[in-house]
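Good morning, and thank you for coming. I ask you to keep the structure in view while I speak, and to follow each part on the screen as it is named.

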Amino acid sequence: MAEPLLELRDVSAGYGEAVVLEEISLNIMDGAGLALLGRNGVGKSTLIQTIMGFTHLVKGTVHWRGQDITRLKPYQRARAGIGWIPQERDIFPSLSVEENLGVVARPGLWDRAKVFGLFPRLEERRANMGNQLSGGEQQMLAIARTLMTNPSLLLLDEPLEGLAPIVVEELGRAIADMTKQGGMTLVMVEQHAEVALRMTDTAVIIERGRIAHRGRSSELIRDQATLDRFIGLNIGT
Amino acid sequence: MDPHLWLKRKGRISPYEVAFWPIVLVLPFWLFPTYLSLSSQIAITALFCISLDLILGYAGIISLGHAAFFGIGAYAAGLLSAHGWGEPLSGLAFAAVVAAFAGWIVSFMIVRVQHLALLMITLGLGFLLVELANSLGSFTGGADGLQGIDTWKLLGVWKFSFWGKTAYAYSLAVLFILFLVCRRIVRSPFGLTLEAIRENPDRTTALGAPNRAHLQKIFTLSAGIAGIAGALLAQTTETVSLESLGFQRSAEIAIMLILGGTGRLYGAILGAIIFMVARDQLAGMNPQYWYFWIGLLLMIVVLFMPRGILGGLERLAAFGRRR
């Protein structure tokens, strides 16, 4: 059997003394897509931050391409090929779009021409400062900036949150294009569960810091009872 | 393909820069041939100011004790000369290594603290070194200053004369070379990452930048350049005093940088020129109260041109282009 790209073994983690995640084990195969679902505050973003190495790991191990990376610092994990797009976007406000894209850019499939092809609006605004962009443009820039580091795994934390429906549609299309073009592995936390489920192969529902359900995304999108029970979501099919 | 090719293109020298340096080089020789000592002091101060710009303007490290490295460089070159080796270029290299080493040691503390703690540590470092130099009077000359510095001819040819032609040419040449080095650094991927660290250190870590290592590198480099500036002062004036390490010098250099504009390198040069010329002229008019005018100028600049005089001029030029 092929080796998973990322594997979490029995991970419990949190912030300081507070343990948010308990005994999480999951595998992500190369080129696959995983949706992380759950209500607000159940630990989805903490799980993403644990993969990046920003939380306090109480127990368990994190493996990347079979290697134990539990003790690696966040920047070393990023250099190994894990790209994280945070909920807050964290654009560098007084750097231009072009400069934002250049920070820690690494050679690979994704270069400026390719990310401008994916987000033509960024090319139009290449000379603008980060703080002169709209929310949707900032999100595009956050994704494009991480793509410029040419990651193998992309962790997307609520990329569509707070955006206008038309921008949600545009960004959703761009994320789908991006994963297709780059053959990229994707972990997506998203309140718009139906969008996340349509873009991924498998899904995990987190409840109070533990995995409450796991299964195929295509099946979960039709499993109204489970969606309603764990995330209070009613998808009109 | 190199993902930073655009950065290299962007870093090309502009016509304004090509025009700037010959003017700076020739103007003092032509306009103030008998006043070159001030010009060489300006060049040295500009270099010191550039060293602060590297850490404050680009990397966001606030320091109120940067004169510590200026003073270490001054004492290193001065002591070397006072003990029998007055060759200026090797003196500069020695001062750079000593100051950079001191900077590297301090950088381990600097990268672990922020904000007020950073201010206090840098301030404390300055006080500590002044007292250390004062207490080692038999070695450093204490409050009387270091005696017996004798700077040899530059390249064995040009003597450091009373008129200060050699001192000015030497200081300006060192400023120009190190400016080019700093310009190359700040317009490299490393420089861009420093700016990003200044904006949001957590994000740069998440993108794969080793923040602490980057900050340590720039702090060490900055200390080395400050040390070279200090050594230039020691060699061209043949004196080193406790004042070279003191808080006033650290504060003045920060004022110059804020006046000129941080994060631009040219802002450091402009700030040094404005401050030094203003001090010279205002102190001539009123030796006791000249700081009043500097304070007023600083308040006006901070209120109306928060990005410094150069930043204000850039905004004005951008406004003109839009119209």
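Helix α6 of chain A, residues 135-147, lies across strands β6 and β7 of that chain. Relative to β6(A), the helix runs at about 170 degrees. Please bear in mind throughout that this is a predicted model.

Let us turn to the sheet to which these strands belong. In what order do the six strands of the open sheet in chain A stand? The order is β6-β7-β8-β3-β9-β10, and the pairing is mixed. At the edges stand β6, residues 82-85, and β10, residues 210-216; each has a single partner strand, so one side of each is left without a neighbour in the sheet. From one strand to the next, the twist averages 15 degrees.

Strands β3, residues 33-37, and β8, residues 185-189, run parallel and are joined by four bridges. Within this pair, A:Gly33 has A:Leu186 of β8(A) as its bridge partner. By contrast, β1, residues 6-15, and β2, residues 18-28, pair in the antiparallel sense over seven bridges. Here A:Ala13 stands opposite A:Leu21 of β2(A). The two strands β1(A) and β2(A) form a hairpin with two residues between them. In the turn, A:Gly16 has a positive phi of about 60 degrees.

That angle leads to a related matter. Which phi does A:Val104 have? The value is positive, about 60 degrees, although A:Val104 is not a glycine. This residue sits in the loop between α3, residues 97-102, and α4, residues 112-118, of chain A. A:Val104 is buried, with 23 other C-beta atoms within 10 Å. In chain B, B:His115 also has a positive phi, near 50 degrees, and is a residue other than glycine. B:His115 belongs to helix α6 of chain B, residues 115-135. Is B:His115 buried or exposed? It is exposed, because there are 8 other C-beta atoms within 10 Å, and 12 or fewer is the cut-off for that class.

We now come to chain B as a whole. Its secondary structure comprises 15 helices and zero strands. The radius of gyration is 20 Å, close to the 20 Å that the globule rule gives for 323 residues, so chain B is as compact as a globular protein of that length. Its C-alpha trace spans about 55 × 45 × 45 Å along the principal axes. Of the 323 residues in this chain, 48% count as buried. Among the contacts in chain B with a separation of 6 or more, 77% are between residues 24 or more positions apart.

One residue illustrates such a link across the sequence. B:Ile44 lies in helix α3 of chain B, and it counts as buried because it has 30 C-beta neighbours inside 10 Å. B:Ile44 and B:Tyr170 are 126 residues apart along the chain, while their C-alpha atoms are separated by 9.9 Å. Beyond its neighbours within four places in sequence, B:Ile44 is in contact with B:Ser171, B:Ala229, B:Leu232 and B:Leu233.

Which residues touch the most other members of the largest nonpolar core? Among its 163 residues, they are A:Leu155, B:Leu47, B:Ala76 and B:Ala99. Helix α3 of chain B, residues 36-58, gives the most to this core, with 14 residues. As for B:Ala76, its contacts beyond four places in sequence are B:Phe94, B:Ala95, B:Val98, B:Ala99, B:Gly227 and B:Ala231.

Helix α9 of chain B, residues 189-199, is mostly covered, with eight of its 11 residues buried. Among the buried ones are B:Leu192, B:Glu195 and B:Arg198. The buried residues of α9(B) pack against α3 of chain A, and also against α1, α3, α8, α10 and α11 of chain B.

This brings us, finally, to the meeting of the two chains. How many residues of chain A are in contact with chain B? There are 23, and they touch 21 residues of chain B. On the side of chain A, the elements that give two or more residues are α2, residues 74-80, and α3. The largest share, four residues, comes from α2(A). By class, this side of chain A has 13 nonpolar, three polar and seven charged residues.

Terms used:
Residues numbered from 1 in each chain as written. Chains lettered and ligands numbered in written order. Predicted model: local features only at pLDDT ≥ 70, side-chain atom pairs only at ≥ 80, totals over all residues. Core = buried A, V, L, I, M, F, W, Y, C linked by C-beta atoms within 7 Å. Buried ≥ 20, exposed ≤ 12 C-beta atoms within 10 Å, placed from the backbone. Contact = placed C-beta atoms within 7 Å. Nonpolar A, V, L, I, M, F, W, Y, C, P; charged D, E, K, R; others polar. Rg over C-alpha atoms; globule rule 2.2 N^0.38 Å. Pairing = 2+ DSSP bridges. Axes fitted to C-alpha atoms, helices over the stretch in contact; angles between N-to-C directions.
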